[in-house]
Amino acid sequence: MNSKKLNRRDFLRISALTAAGAALAGCTTPTPQVVRETVEVPVKETVEVPVQVLVEVTPTIEEKEPVELRVAWWGNQTRHTRTIQVIKMFEETYPWITITYEFATWDDHWTRLATQAAGGNLPDVMQHDYARLAEWVGNGLLIPLDDYVDSGAIDLSNVPDETLGGGRVNGKLYGMNLGVNALCMVLDTDAFANAGIELPAQNWTWADFEAIAVQIKDKLDIWGYGGNSLAHDQIWRSVVLSNGEWIYTPDGKALGYTDDQVLVDHMNMILRLQEAGVIEPRDEEVARASLGQQGDPLVAGKAAMGFMWSNQLASTWTAAGAERHFKLVQIPRLAGGLSAIYVKPSMFFSITAQAKHPDEGAMFINFFTNSVAANHVLLAERGVPVSTVVGESMQAVLTPDQIEMFNYMAVVPSDCQPVPPPDPVGEANVRNNVYYPEFVDPVLYGLTTPEEGVVVLRELADEILAAS
Amino acid sequence: MSDTTREWLLRKARGKARPVLKRRSRITRQNNLMGYLFLSPWLIGFFIFTLLPIVASLVLAFTEYDIFSPPTWVALDNFRKMLFQDNRYWRSVRATFYYVFTAVPLRLLVALGVAMLLNRGRRLVGVYRAAYYAPSIVGGSVAIAVMWRQIFGVDGLVNYALGALRIPGVNWLGDPRTAIWTLITLAAWQFGSPMLIFLAGLKQIPVELYESASIDGAGGWAKFVGITLPMLTPVILFNLVMQIIAGFMAFTQAYLVTAGRPLDTTNFYALYLYLRAFETHEMGYSSAMAWVLLLVIAFFTALVFRSSSYWVYYESGRVEE
Amino acid sequence: MSVVGTLRSPARLSKRNRDRIGSAIYHLIVVSSCFLMIYPILWMFASSLKGPSEIWTRLSSLIPKVPTFENYVNGWAGFGGITFAVFFKNSLFFATMATIGAVASSACVAYAFAKIRFVGRGFWFTVMLLTLMLPVQVLLIPQYIVFSKLNWINTFRPLLIPRFFGNAFFIFLMMQFIRGLPNELDEAAEIDGCSKIGIFFRIVLPLIKPALITAAIFSFYWTWEDFLTPLIYLNEPRLYTISLAIRSFSDPSSTTDWGAIFAMSSLSLVPVFVIFIAFQRYLVQGISTTGLKG
């Protein structure tokens, strides 16, 4: 059983490492001693008296005139319910502020917010995404949070600076990190045990992956790998990253990697495995998609490995059932290559430029980040919290899936890459109109070869990026 | 030419005197007044809520507009890109035409057939009617999309039934040759709306016509061809036009069930247009696509209307359009 | 078949028996095809009664092994204190008002197009049809801006008020029915001194009841399941309609409570069905034009 309870020192180390990991300056090995100092905050390390904790952290509460704050986020029923609970806690703490909230699914959230932006109707605080932050900042739709940080309205004294890098555009902070996660390969440890295969190390390669997948198929007659396609654009990025490059140039006007061969090799591997029946074929993946995690082969026991974001492990494990066991390892890297992953902010809260009450919005963000009680309600559903204090306090309430996620996020920073720059404008276009329809699907459906495919990919992608 | 013009010319030719013109013009003025009075709800709504957005979308078709920043004029660039540089566009067109020319006739035939079946007024017909209409009610919900995917999934009901007949299963949703048929069957399954309209039309045929035909010795088929069909033609015209328009604008089912996959074989025009607008924020391109669609639909609709004078019978007489 | 043969052969089935067999075959065909029609709905209802472990494992079965109502309880709870009672109320209000508005206004406009010869009729009819042919997706943003300037966002106004100004689909539908009415009716009424308005209310409206009912049924169920415009114009969850609320349950990037979705979808079918069953008997009535014969 993997889920050993973490002791206190491990926990502090996890929090510090998680933080230290996402450095723009690159990953460094941890020094546990540093941890002790940063834990010194004027906050009692108890969970029982949340109100007291808050009173000490937040500025004085004076009588103010009523303010109505609008907050918007995406998620599912679990997130909606928990977030609403936190909102009620916030309203109790700040009685003159009422929050009207708006939530939706991922797609609907962006449809609605784009429409609101066009109509000048954006809410005060909105949940944001790493891939879209640059576009919104570039269009002047978000305001920087630096002033609030400097004044202490958003108290980041417990938040290591490295976790904030992902939310910075042009040097200013536009998004408050709501939790960190990283890409991971999820292994069904029971399946591995049944097949007599040793669990791979964190720095395993694609060659190792292929060998293991074939073995699983041979021994257990299930897919070695299933779920999100191995040609998913996140894997594309990871392959290029492992090769030491990034898929976009710094100015975002063209594809930024020069070596197409790694992608060709990767696609050829997928084709081999598809042909041999070792992985879920593309047409079956298409037929199964959109069911969410319940349809996932890993969940159903039809595959032994799958990739996802680390904070998605919770829902996967829930869907699979508590009696299963999973372990997270890094996405495989190229032979002789660098790590294929980086520590990423899972999502942000941002204050929009059309906000009517940006100050109160900042207070909400502060509460969300620092309130221990609030985070005990949220239960790291958005990712590992960035505040070390919060992270530490959660030790008592973690479930096995969360422990695995926290464990993983503890080891990743010691061997990972720095956060890449935000995606350029036109990224969605490249991904939706070129990468999948003109490259991945034709190759995996056998209509073209990987060698031809990468040429088309580069040509069309460069065209789009140059024009945006 | 309009009625008034033709009448005026006729009168001129026959050399009628003025007083007749005066009576006619009073009636015409009364007609105009009444006409616009009854038309006013739609007309007002049109000017307030519809005209401006339509004009805006037309202008946007010639611009590049990412929703967040003001549009920039690019003239015919969107159209050029769309027609000559966009592979997905043509796949989308092909998928849409395929759908319209299979799903629409299929749906109408089934609807008419079932309506005729239900019109006999045997017992329990109300229950049957509700059952046949039920699929349309579930319409475009998330639940039906999931169900449909399950039914056509690799381990789904359809393959299970085929397996019982010793026919190998098909990957309906993942195979580019068959995916669109999952949507066509979905459209045919939801024939309730045109069926209801046919039913209402059938009910409107006066029973005396059938009675006198029976007295004259006409059999079932003769009654169908001689009374039912002609009296139904206005409704057939309506259903045909509406289903063609709906077919070209098919969106929800493709969005929820297949998301346009695989290989864009179900990437219907309206879906692709929506994705270009809200996924990649190319509102200008999307508007250009919309106006091309409007022209295509208008063309086919005009064709049907043109032909209608040959086969549609109105009890109240031919009316000029 | 020869008359001689039928008179002589005693083995021939009596007409009544033939009718009975014909009726039985008719019912058999209709019932089995009805089953095919409603099977997916039955499946959805059955799935709503299955626990989370059963829903995806025993797919094809229509009978749950361990029936449970937990999906209904979970689903009804909604989000953060806003239960489905609120969503139902919103949807009912929206659909009912929209239907009344759409049917009433469309009937007036249809009358104008079908029976009154006025200048510009052909032109406006063409324009009206053309508005049907433009995909609503491209009108979303410009319309939103219009309503935003009117300050109607986050209310039901953008959803309801435009529906009181006629709906091209219903207008065209009713036109075709009005045209199916013989001219002699209005001419008789006009001779009797009835105005156009009188003709509309006293003659045309009662006679196109099937069309009105049909339009009402359509309008109700279309607004009931519309989610795009509620998504854009209703920001606060307490205003959500059922269609929007059910959508909010699903999130492809993590777990979706499918049991709750099926449960609430099953529930949401009930009002639409009730409306349909309540009104469909009006569809049954044909018209009798015996009044003309005299």
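Helices (H or I, at least four residues) and strands (E, at least two) are DSSP runs, numbered from the N terminus. This is a predicted model, where local features need pLDDT of at least 70, side-chain atom pairs count only at pLDDT 80 or more, and totals for chains, interfaces and linings use all residues. Residues are numbered from 1 along each chain as its sequence is written, chains are lettered from A in the order in which they are written, and side-chain values use heavy atoms, with hydrogens and water left out.

Q: What places Gly139(B) in a loop?
A: Helix H5 of chain B covers 125–138 and helix H6 covers 142–151, and Gly139(B) sits in the loop between them. Chain B has 14 helices and 2 strands.

Q: Why is Gly139(B) called buried?
A: Buried means under 20% relative accessible area (exposed is over 50%, partly exposed in between; 1.4 Å probe, protein chains only). Gly139(B) has 4% relative accessibility, so it counts as buried. Across chain B, 55% of the 321 residues are buried.

Q: What does Gly139(B) touch, not counting residues up to four places away in sequence?
A: A contact means heavy atoms within 4.5 Å. On that basis Gly139(B) touches Ile144(B), Gln190(B) and Gln253(B), plus Glu225(C).

Q: How many of the contacts in chain B between residues at least 6 apart in sequence join residues at least 24 apart?
A: That's 67% of them.

Q: How far is Gly139(B) from Phe47(B), C-alpha to C-alpha?
A: They're 92 residues apart along the chain, and 31 Å separate the two atoms.
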